[in-house]
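Hi there,

Here is the structure I promised to pass on to you. Have a look at it first, and then read my notes below.

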Amino acid sequence: MLVCSDTGRKVDDPEESSSQFAMGVAFGVDPPKQQVDVDIATHISIYDDGPNRSLLLVETADRPGLLVDLVKIFTVINVNVESGEFDTEELLAKAKFHVSYKGEAIIKPLQQVLANSLRYFLRRPTTEEASF
């Protein structure tokens, strides 16, 4: 639930709340004079989680479409997602996926490809107003 910082009222309009929140703006009756810095580092870890799967942990800046972008990256690299959890804490998104490649745990070279691809595509978010 989002609450207006000046009035304390609940923000019911999803368009207003998601776009403002995604931009990292503490909003109220008057727009803020300065944008809040949302330069959140991306952290990626991949561990073996048995012989047939790996555990992928991702922490990055939250933004609209983030989960869709993660799935697109997995698809391009042919990584299968067996299960996943996705959570947000303020402007930070935390994702945990059990992944595999051709039914096996992801080998070290492919782990590096996956981590590099995620770091590249998840670097500091850029958001255009028209995308909302």
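Which residues of α3 are buried? They are L110, Q111, L114, A115, S117 and L118, where buried means under 20% relative accessible area, exposed over 50%, and partly exposed in between (1.4 Å probe, protein chains only).

Before going on, a word on the source. This is a predicted model, in which local features need pLDDT of at least 70 and side-chain atom pairs count only at pLDDT 80 or more, while totals for chains, interfaces and linings use all residues. Residues are numbered from 1 along each chain as its sequence is written, and side-chain values use heavy atoms, with hydrogens and water left out.

Now the overall layout. The chain has three helices and four strands, in the order α-β-β-α-β-β-α from the N terminus on. Helices (H or I, at least four residues) and strands (E, at least two) are DSSP runs, numbered from the N terminus. Of the 132 residues in the chain, 33% are buried.

Back to α3. This helix has 14 residues and reaches 20 Å from its first C-alpha to its last, close to the 20 Å expected at 1.5 Å a residue (the expected span is 1.5 Å times one less than the number of residues). Seen down the axis of α3, its buried residues fall within an arc of 165 degrees, so they line one face of the helix; the arc is that of the directions from the helix axis to the C-beta atoms. K108 and P109, on the other side of α3, are exposed. The buried residues of α3 pack against β1, β2 and α2.

How do α2 and α3 meet? They pack at an angle of about 145 degrees, with their axes 11 Å apart. Axes are lines fitted to C-alpha atoms, for helices over the stretch in contact, and angles run from 0 to 180 degrees between N-to-C directions. L70, I73, F74 and I77 in α2 meet L110, V113, L114, S117, L118 and F121 in α3.

Finally, the largest nonpolar core has 20 residues. Such a core is a set of buried Ala, Val, Leu, Ile, Met, Phe, Trp, Tyr and Cys residues joined through side-chain atoms within 4.5 Å. α2 gives the most to this core, with five residues. Leaving aside neighbours within four places in sequence, F74 is in contact (heavy atoms within 4.5 Å) with L56, V79, V81, F97, L114 and L118.

Enjoy exploring!
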